[in-house]
Amino acid sequence: MSKKKVLTLSTQYANNMGALLQCYALSRFLNQQEDVECKIIQYWHPNAKAGWGFFKKNNNLKTLLSNVYRLCRPDLLWLKHKRNEAARAFIQEYLPLDDALYMSDQSIHDNPPQADAYVVGSDQIWNVKRKGIGTVYFLDFVPEGKRRIAYAPSLGVEWTEEECQRLKPYLQQFDALSVREEGHVAQVARTAGKPVAHVCDPVFLLSREDWLSVAHKPAISEPYIFCYFFGVSDLALQTVKRLKELTGYKVVYLNFNATDKLHSDVEMRVGGPLDFLGLIANATMVCTSSFHCSALSILFRKDFFYVPQVASERVLSLMRKYKIDKILMTKERLQGMRKEDLHIDYSGGETDGDEYIQFSKNYIINAIYGKENA
């Protein structure tokens with residue numbers, strides 16, 4: 001019996017830890033099914049290369065000053081080069097990329113890749129406010145008669161009414177619709193006029209054992225607080241300082257910013273997705289502003305704290321599902337924090353969380369085969 005060919009459309013182009021790990025997770029999970037052969041479409045949207053460059057491209061004074069600073073710091077450029085190498089090595093070795101390369105919307109429309117089913121997901125590929133996110137991510141290139149499936153895409157923020165009207169005809173063509181954030185289910189269902197499921201991010205589709213089999217174990221033997229921030233806010237700075245005071249643990253910082261504002265005990269400047277994974281898996285505690293760092297901390301049942309840069313429905317959705325509201329750091333919570341507040345109790349939402357993951361696994365498999373409950 002020949003295998004069913006499935007192509008995923010995701011973030012294979014991303015120079016971002018979480019985006020690459022979720023892309024890997026979805027393809028690996030599907031390839032674990034004995035009668036499925038899954039590959040990832042090599043589509044690069046118009047702004048996809050932005051994360052690989054050494055200089056920022058926004059036309060404003062802040063960006064100009066940042067680029068001048070970078071130009072004066074060749075050491076930062078070298079570190080960026082090494083991080084790019086690590087990300088490319090992961091993509092080459094771990095992502096099962098399809099052969100065809102699409103560098104424009106026109107090219108994928110002119111010569112679409114062939115498969116039995118197409119799965120778009122996950123990450124913020126339905127955040128239409130992001131530069132470069134167009135209708136390709138709504139599978140408008142898929143040939144008639146082939147299954148179109150949305151697995152856990154994120155809208156980032158709610159669509160406007162104008163955006164809903166523009167996207168409606170594309171959503172109506174899907175055979176199975178799901179989203180990653182519970183708070184976006186109603187809007188997508190209303191726009192599509194179809195049922196929409198709430199499913200987990202692809203990183204949860206793999207077991208802890210699956211992840212540990214590829215994670216790079218860090219050369220750190222003592223307890224540590226792993227820190228990963230896209231930008232260090234005052235709240236993040238004060239949270240890490242307080243966590244260290246209460247625990248005495250060393251601060252291990254995977255730092256891709258210009259300076260070490262945390263004054264960490266161990267600063268790591270270069271690392272790939274599997275180093276990132278291993279740092280989370282072996283940490284005693286985690287502190288982050290990253291959704292995927294939070295998701296993996298939950299998967300590994302870590303004591304961790306999420307320090308929001310902006311309000312994030314992505315993380316709030318996980319908090320509700322796993323009943324772990326203590327992870328969200330605020331100024332008020334930080335002021336009264338005691339050592340006994342540091343442990344995260346997963347028992348209240350563990351059953352719901354496990355059922356959520358199993359539902360999500362069943363959903364994507366059923367969707368591929370066109371079963372009625374997809």
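**Exercise 1.** Work out how helices α9 and α10 are oriented to each other in this predicted model.

*Solution.* Start with the location: α9 covers residues 273-281 and α10 covers residues 291-299. Next, take the angle: their axes cross at roughly 45° and come within 9 Å. Angles under 35 degrees count as roughly parallel and 65 to 115 as roughly perpendicular. The two helices are therefore oblique to each other. Finally, the handedness of this crossing is right-handed.

**Exercise 2.** Find which residues of α9 and α10 meet, and sort them by class.

*Solution.* On the α9 side, look for Phe276, Leu277 and Ile280. Their partners in α10 are Cys293, Leu296 and Ser297. Sorting the residues of this contact gives 5 nonpolar, 1 polar and no charged.

**Exercise 3.** Describe the largest cavity: its volume, its lining and the helix that gives the largest share.

*Solution.* First, the search of the whole structure: 1 cavity of 30 Å³ or more turns up. The volume of the largest cavity is about 50 Å³. Now go to its lining, where you will find, among others, Arg180, His198, Asp201 and Tyr356. Helix α11 (residues 313-322) supplies the largest share, 4 residues. By class, the lining has 3 nonpolar, 2 polar and 4 charged residues.

**Exercise 4.** Now try the second largest pocket: which helix gives the most to its lining?

*Solution.* The space in this pocket is about 180 Å³. Its lining includes Phe204, Arg208, Tyr322 and Glu350. Helix α13 (residues 350-369) gives the most, with 4 residues. The classes come out as 6 nonpolar, 1 polar and 5 charged.

Notes:
Residues are numbered from 1 along each chain as its sequence is written. This is a predicted model: local features need pLDDT of at least 70, side-chain atom pairs count only at pLDDT 80 or more; totals for chains, interfaces and linings use all residues. Side-chain values use heavy atoms; hydrogens and water are left out. Axes are lines fitted to C-alpha atoms, for helices over the stretch in contact, and angles run from 0 to 180 degrees between N-to-C directions. Angles under 35 degrees count as roughly parallel, over 145 as roughly antiparallel, 65 to 115 as roughly perpendicular and the rest as oblique. A crossing is left-handed if the near helix is turned anticlockwise from the far one by less than a right angle, and right-handed if clockwise. Contact means heavy atoms within 4.5 Å. Ala, Val, Leu, Ile, Met, Phe, Trp, Tyr, Cys and Pro count as nonpolar, Asp, Glu, Lys and Arg as charged, and the others, Gly among them, as polar. On a 1 Å grid over the protein atoms alone, a cavity is a set of points where a 1.4 Å probe fits but cannot get out, and a pocket is an open set with protein on both sides within 12 Å along at least five of seven lines; lining residues have an atom within 4 Å of a point. Grid points are joined across faces, edges and corners, and a volume is the space filled by probe spheres set on the points.
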